[in-house]
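Reader: I have a few questions about the terms used for this model. Please set each value against its cut-off.

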Amino acid sequence: MRAKRSERRGQEETDPKTVKELRIGVVDTMFARFDMGASARAELESCSGFGESFTVISRTVPGFKDLAVAAMNMIQKDGCSIVVALGMPGSAPIDKQCAHEASQGIMQAQLMTATPILEVFVHEDESDDPQVLAKVFDDRSRKHARKRVLDAVRPRPVEPSSGSGCSPGFR
């Protein structure tokens with residue numbers, strides 16, 4: 001099955017019209033104070049080609065340390081070609097350490113599956129203002145999800161953006 005998916009991915013990269021069933025995974029957490037998964041799914045559903053050239057598979061896990069296994073399962077069991085993993089680390093030092101460990105797990109899952117998993121974390125201490133933080137959650141979730149769809153459906157070189165400081169979200 002792995003070889004077939006690799007062959008299919010190669011076709012998708014050369015001709016977006018040959019995309020039969022590109023599956024994009026969205027995995028989020030119950031712990032976050034904002035429904036990041038809903039924002040990412042809404043953005044993906046608004047992209048051209050939704051339902052025709054790609055579908056969205058979605059899961060919710062308890063916390064961000066569960067994202068790596070869920071993303072791997074989406075790749076290996078659900079046939080996702082790419083996964084967006086969304087989470088919210090708290091502001092305490094232990095939360096930052098756990099976020100680092102979760103990030104390591106996501107990187108390991110990418111290596112084990114040879115499939116991109118985009119980690120999208122919004123740290124609780126990025127803003128003291130709940131309204132600003134909500135905008136960061138929504139903006140980052142939506143922009144990263146959209147970028148992944150565009151990368152998967154219409155690959156393009158990233159060199160033109162190199163060194164521009166361009167990054168979705170608040171920072």
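Reader: How many helices and strands are there in the protein chain?

Author: The model is predicted. Its protein chain has five helices and four strands. From the N terminus on, these run α-β-α-β-α-β-α-β-α.

Reader: What is the average pLDDT of the protein chain?

Author: The average is 84, and 77% of the residues score at least 70. Over residues 1-19, pLDDT stays under 50. For that stretch the model has 23 contacts beyond four places in sequence.

Reader: Why is H3 called roughly parallel to H4?

Author: H3 covers residues 67-76 and H4 residues 93-113. They pack at an angle of about 20 degrees, and their axes are 8 Å apart. Angles under 35 degrees count as roughly parallel, so H3 is roughly parallel to H4. The crossing of the two helices is right-handed.

Reader: Which residues meet where H3 packs on H4?

Author: From H3 come Leu-67, Ala-68, Met-72, Ile-75 and Gln-76. They meet Gly-105, Ile-106, Ala-109, Met-112 and Thr-113 in H4. By class, this contact has seven nonpolar residues, three polar and no charged ones.

Reader: What makes H3 largely enclosed by the rest of the structure?

Author: A residue is buried if its relative accessible area is under 20%. Seven of the ten residues of H3 are buried, so the helix is largely enclosed. They are Leu-67, Ala-68, Ala-70, Ala-71, Met-72, Met-74 and Ile-75. In the protein chain, 43% of the 171 residues count as buried.

Reader: Why does Ala-114 count as exposed?

Author: Exposed means over 50% relative accessible area. Ala-114 is at 55% relative accessibility, so it counts as exposed. Ala-114 sits in the loop between H4 and strand E4 (117-121).

Reader: What share of contacts joins residues at least 24 apart in sequence?

Author: Take the contacts in the protein chain between residues at least 6 apart in sequence. Of these, 75% join residues at least 24 apart.

Conventions:
Residues are numbered from 1 along each chain as its sequence is written. This is a predicted model: local features need pLDDT of at least 70, side-chain atom pairs count only at pLDDT 80 or more; totals for chains, interfaces and linings use all residues. Side-chain values use heavy atoms; hydrogens and water are left out. Axes are lines fitted to C-alpha atoms, for helices over the stretch in contact, and angles run from 0 to 180 degrees between N-to-C directions. Angles under 35 degrees count as roughly parallel, over 145 as roughly antiparallel, 65 to 115 as roughly perpendicular and the rest as oblique. A crossing is left-handed if the near helix is turned anticlockwise from the far one by less than a right angle, and right-handed if clockwise. Contact means heavy atoms within 4.5 Å. Ala, Val, Leu, Ile, Met, Phe, Trp, Tyr, Cys and Pro count as nonpolar, Asp, Glu, Lys and Arg as charged, and the others, Gly among them, as polar. pLDDT is the predictor's confidence in each residue, from 0 to 100. Buried means under 20% relative accessible area, exposed over 50%, partly exposed in between (1.4 Å probe, protein chains only).
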